[in-house]
Amino acid sequence: MTAPYPRDSVLAVVGEGFGSTLVHTTARYLGFTNREITIYGPNASPINTYQQFAHNLGQTVLRSESESHFLAPDWPTFAQIDAWSRKSPGPLWRTTRRKYNPGVPEILTEAQIVMQKLGWEECRVPLRVGWIQREMEPMPHFVLYDEQANFIGRSKHVMLAPGHGPLSWPPMLAQARKDPKLAERIVQAYQAKQYAPGGRYIVLGAGIASVNEWANILDIGASVLALTRNPQPETQDLNVPRCLFESLGIDAYVSLPWEQRVRFLGEVLKGSRPERRSWLQKIEQGEREGRFAAAVGEIGAVEAGPAGLHVFVQGKGEEIGWLDVTGITAGTGFNKSVLTIPLLRRLVDYYKVPVVDGRLKLQTNCGLPGLDRPDSRLCCMGLIANSIIPHGDTIAGLKFISRRFVSDVARAENLRIRSFPSRLNMQVTIGHDVAKALRTIPTTPQLA
Amino acid sequence: MCPTSLGRVQTRWAIIIIPAIIAAVVSLITHNAGWIVLIGIYFVLGVLLDTLFYRFVIRWQPPWLTFALTVGEFVLVYILAHWLKVGLTNVEAIVEFWAAWIIAIWTKVAILPLLSLSWIENAGEFRQTGWAVAPQYVPLAVTVFQQTDPSGAPRLVREFSSVGTLPKELRDLPSPSAVRINPFKN
């Protein structure tokens with residue numbers, strides 16, 4: 001049962017993905033009621049988008065570690081819940097060595113339980129926000145409209161959690177995809193796809209999405225040429241160095257001038273990938289069988305060919321030339337420019353929010369300059385906030401921002417904070433329900 | 001976790017409170033100050049290690065290292081307790097140390113995260129859950145709203161309003177358009 005609208009609330013989340021769940025959970029943990037929270041978005045579940053992408057990628061475990069899950073505080077961790085659920089010390093042993101990665105089915109099960117227990121759906125207005133208007137009278141607040149410009153609600157504080165922009169294609173592939181015959185053979189790692197046994201595929205990129213695709217192609221019995229523009233990156237467990245997940249690292253990062261921050265982001269986010277034992281085995285086996293090879297170069301031309309595609313690859317240092325392949329998979333992710341997200345583009349246009357190279361120049365509290373005030377916050381989370389929180393688009397980063405945003409709102413509204421026994425009870429009850437639900441699903445094998 | 005020296009000391013202080021209270025009660029009951037003295041030695045030694053040693057050798061501390069450090073601290077506390085002659089038997093000192101550690105680690109793992117949402121993210125420091133660098137708020141670049149008059153709409157707007165009755169003298173006034181006026185007609 002969704003929320004009726006127009007709806008007045010203390011805090012609203014624009015977007016109904018993971019970010020909304022974490023803001024909602026944190027708000028409930030601190031003491032806000034569902035009546036005071038509104039979530040705007042058409043999807044009936046916060047996990048839909050992620051689940052689809054994970055399925056398309058063939059992803060089975062998260063890259064994140066045990067703290068990255070959907071309860072507001074850091075106890076219990078997911079490994080502790082998992083260990084309790086399966087009555088096995090295995091997850092705890094792994095987590096002491098930081099080798100525990102929650103399985104995708106397990107973490108999505110938890111998200112569902114948390115969402116149901118805390119009444120996420122009761123807060124959701126099933127409409128996409130098309131415009132946000134700043135109003136100052138009788139007190140600073142925002143008025144929200146849908147994409148048909150209908151009034152859908154008001155809120156004192158707003159969190160923008162619109163998610164990723166559209167999928168990104170290298171220019172040559174974007175051009176080739178205009179031809180329907182070629183388009184069906186050029187896919188994105190995040191799209192639904194199927195590989196044919198014995199087929200030959202080029203996979204662009206060497207980040208986690210691309211490596212997943214190498215493994216998927218090798219699994220089906222096909223061959224893969226891993227093509228990168230630069231020599232392949234070092235393996236790295238997490239997206240950014242560990243201490244950057246915490247305030248100490250974020251303090252140092254935010255203190256850098258804008259240009260240095262952007263340069264730093266470019267360096268740490270250049271498609272790193274975690275080292276996974278099972279991936280390494282598959283790739284080594286593929287190499288031995290002559291079904292896997294890596295090359296440095298770029299695609300210069302794509303035409304229809306006897307195998308499906310006739311592709312010219314401009315190698316760096318070595319001549320690669322024309323290749324006949326079954327298909328190309330681009331692991332090039334999403335377009336990171338905020339201008340590709342309609343609502344943000346309108347806000348940037350109208351309110352003159354500063355944007356540099358497609359990134360919002362946010363305040364150090366992830367607030368939107370000009371529109372954000374301490375007594376009426378307009379904050380951003382996710383990829384659009386990674387100029388302030390470098391891992392802003394991970395569960396840990398979303399949690400980091402949610403905690404601070406909701407705490408700001410609690411202070412602005414003089415919220416009576418939930419008592420310790422009540423918080424403990426909330427954690428134990430939800431943790432118990434999650435543990436019970438995990439027993440009903442098979443354990444996802446760990447890869448690290 | 002990447003604890004700072006301050007974070008280590010604050011955390012150590014917070015997790016040793018319950019064992020210290022229990023040890024104090026036991027000391028009072030048994031009339032043996034050794035129980036509370038041992039906790040005091042553990043605390044002082046820990047603070048010295050936190051401020052003078054760990055900060056230089058450990059940046060990121062995985063959970064397994066926490067246990068390894070505790071084993072090292074146990075050996076040092078054991079030696080110091082013997083040297084200072086705290087008045088406990090070996091068995092009593094060992095049991096007290098590990099019982100205190102179990103209570104402390106439970107406090108650290110389960111209680112502190114519930115008390116402070118950002119304690120782990122803040123490197124073990126007890127800070128307000130807030131942003132590291134205070135934001136500089138800026139005024140809105142465009143004027144999207146007008147200052148409203150507390151008395152409502154301007155007087156003239158109220159006078160022009162069609163809500164009220166139109167005065168008679170306004171009904172037959174000529175049109176401002178000059179299109180129909182013949183300029184040659186005087």
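The text below takes the helix pair in chain B and then the sheet in chain A.

The model is predicted. Two packed helices are described by the angle between their axes and the distance between the axes. In chain B, helix H2 (residues 34–57) packs against helix H3 (residues 63–84) with an angle of about 125 degrees and an axis separation of 10 Å. That angle makes H2(B) oblique to H3(B), and the crossing of the two helices is right-handed. On the H2(B) side the contact is made by B:Leu38, B:Ile41, B:Tyr42, B:Leu45, B:Leu49 and B:Tyr54, and on the H3(B) side the residues include B:Glu73, B:Thr70, B:Leu76 and B:Leu80. The residues of this contact comprise twelve nonpolar, one polar and one charged.

In chain A, seven strands form an open sheet of mixed pairing, in the order S7-S13-S8-S9-S10-S11-S12. Strands S7 and S12 of chain A each have a single partner strand, so one side of each is left without a neighbour in the sheet. Neighbouring strands of this sheet are turned by 40 degrees against each other on average, with direction ignored.

| Strand | Residues |
|---|---|
| S7(A) | 186–188 |
| S8(A) | 200–204 |
| S12(A) | 321–325 |
| S13(A) | 327–330 |

S8(A) and S13(A) pair in the parallel sense over four bridges; A:Leu204 has A:Ala330 in S13(A) as its bridge partner. Helix H8 (residues 208–220) of chain A packs on the sheet and touches S8, S9, S10 and S13 of chain A. The direction of H8(A) makes about 170 degrees with that of S8(A).

Terms used: Residues are numbered from 1 along each chain as its sequence is written. Chains are lettered from A and ligands numbered from 1 in the order in which they are written. This is a predicted model: local features need pLDDT of at least 70, side-chain atom pairs count only at pLDDT 80 or more; totals for chains, interfaces and linings use all residues. Side-chain values use heavy atoms; hydrogens and water are left out. Axes are lines fitted to C-alpha atoms, for helices over the stretch in contact, and angles run from 0 to 180 degrees between N-to-C directions. Angles under 35 degrees count as roughly parallel, over 145 as roughly antiparallel, 65 to 115 as roughly perpendicular and the rest as oblique. A crossing is left-handed if the near helix is turned anticlockwise from the far one by less than a right angle, and right-handed if clockwise. Contact means heavy atoms within 4.5 Å. Ala, Val, Leu, Ile, Met, Phe, Trp, Tyr, Cys and Pro count as nonpolar, Asp, Glu, Lys and Arg as charged, and the others, Gly among them, as polar. Two strands pair if DSSP finds at least two bridges between them.
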